[in-house]
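Subject: Structure handover

Dear colleague,

Here is the structure for your files. My notes on what was found follow below it.

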Amino acid sequence: MKRSKWDDASLIAELEPSAAGLLDRHIAAAREWFPHQYVPWSAGRNFDGPLEGEPWQEDQSRLDPAARSALVVNLLTEDNLPGYYHALAVNSTREGAWGEWLNRWTAEEDRHASSIRGYLHATRAVDPVALERARMAQVGTGFESPATGCLSGMAYVALQELATRISHRNTGRFSGDPVCERLMARISQDENLHMVFYREVLRSALTIAPDQVLVAVEENVRSFRMPGHAMPGFAQMAAQIAVAGVYDLRIHHDDVLVPFLRNLKIFDLEGLGPQGEQARDSLASHLEHLDARAALFVERRAQVLAARQRRGQVDRTSAPAAPVSG
């Protein structure tokens, strides 16, 4: 149906068949898994407290400080699931296929925090008291969605799911622990399927409201921030993660934004109106600017790390900081 401007209610109704088909496809592709099978319980022992176990000490952790930061950021991000559910429900609906998808998505996402926390506790990778206090602060703060409507919400979640998939997978690889890598790879598979759902909804929306989709995508690409940006100590941990190469501007540009926009053929679309063309021009300009910033950061990081290595200082956790947003 052709119309000049779609309101949210009309878009949600028009895209319902697509959501239903994508939900069916997701269920067929998803594979059941059990978080408890990915946690090395045999490595665990009691902590101090009511069970009178051994207090946590930093030397008990075998992980690089940057790997610990990455796992904490990933976990605290996953912990805020109630806020994400609310944001998605507000920007869509809890009825029909949309509601079925939202419930399914929530159930699958809930496995991620429990399994990462189990791994961190069993391996004594991080201070459990500090971790719990950070969780209370993070969830207590809630989540303020950047979305300004259903298309904006879908665009943000599609980008966020892809960014989270990359971050999880890279964290596992960087950890140096095969158990951690296996767990994070499994979680990444969920995130990829979630990204595909939202990306394909956007693809369907492009056929009926291309200009509005372009505007929503441009807004979210330009202002993108990870959903955990408000967590305690995020800036410092994000810098560690960027310096380590787990997730930085180069990865954000090359592995998230460019593939996402290419897959939707954003720069090949024809028949856009003035708003769509303007949004696409802005996207191209932003990508060019981000690419230049990423190149500068990578160059500076290499110079600083090389200088430190020459001086015998190989601490990779304190080099020039770079945000993990766009």
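Glu54 counts as partly exposed because its relative accessibility is 37%; buried means under 20% relative accessible area, exposed over 50%, and partly exposed in between, with a 1.4 Å probe and protein chains only. Its partner is Arg45, and the two side chains meet in a salt bridge at 2.9 Å, N to O. A salt bridge here is a side-chain nitrogen of Lys or Arg within 4 Å of a carboxyl oxygen of Asp or Glu. Arg45 is partly exposed too, at 40% relative accessibility.

This is a predicted model, in which local features need pLDDT of at least 70 and side-chain atom pairs count only at pLDDT 80 or more, while totals for chains, interfaces and linings use all residues. Residues are numbered from 1 along each chain as its sequence is written, and side-chain values use heavy atoms, with hydrogens and water left out.

Other salt bridges

The whole structure holds 14 salt bridges. One of them joins Arg135 to Glu132, with the closest N and O atoms 2.8 Å apart. These residues are about one helical turn from each other, because they sit three residues apart in helix H6 (residues 128-141). Arg135 has 23% relative accessibility and counts as partly exposed; Glu132, at 33%, is also partly exposed.

In helix H11 (residues 249-263), Arg250 and Asp254 are four residues apart, about one turn of the helix. They form a salt bridge whose closest N and O atoms are 3.0 Å apart. Asp254 is partly exposed, at 34% relative accessibility. Salt bridges also link Arg111, Arg186 and Asp190 in a network.

The chain overall

The protein chain has twelve helices and zero strands. Helices (H or I, at least four residues) and strands (E, at least two) are DSSP runs, numbered from the N terminus.

Along the principal axes, the C-alpha atoms fill a box of roughly 65 × 45 × 30 Å.

Of the 326 residues, 53% count as buried. Among contacts (heavy atoms within 4.5 Å) between residues at least 6 apart in sequence, 81% join residues at least 24 apart.

Regards
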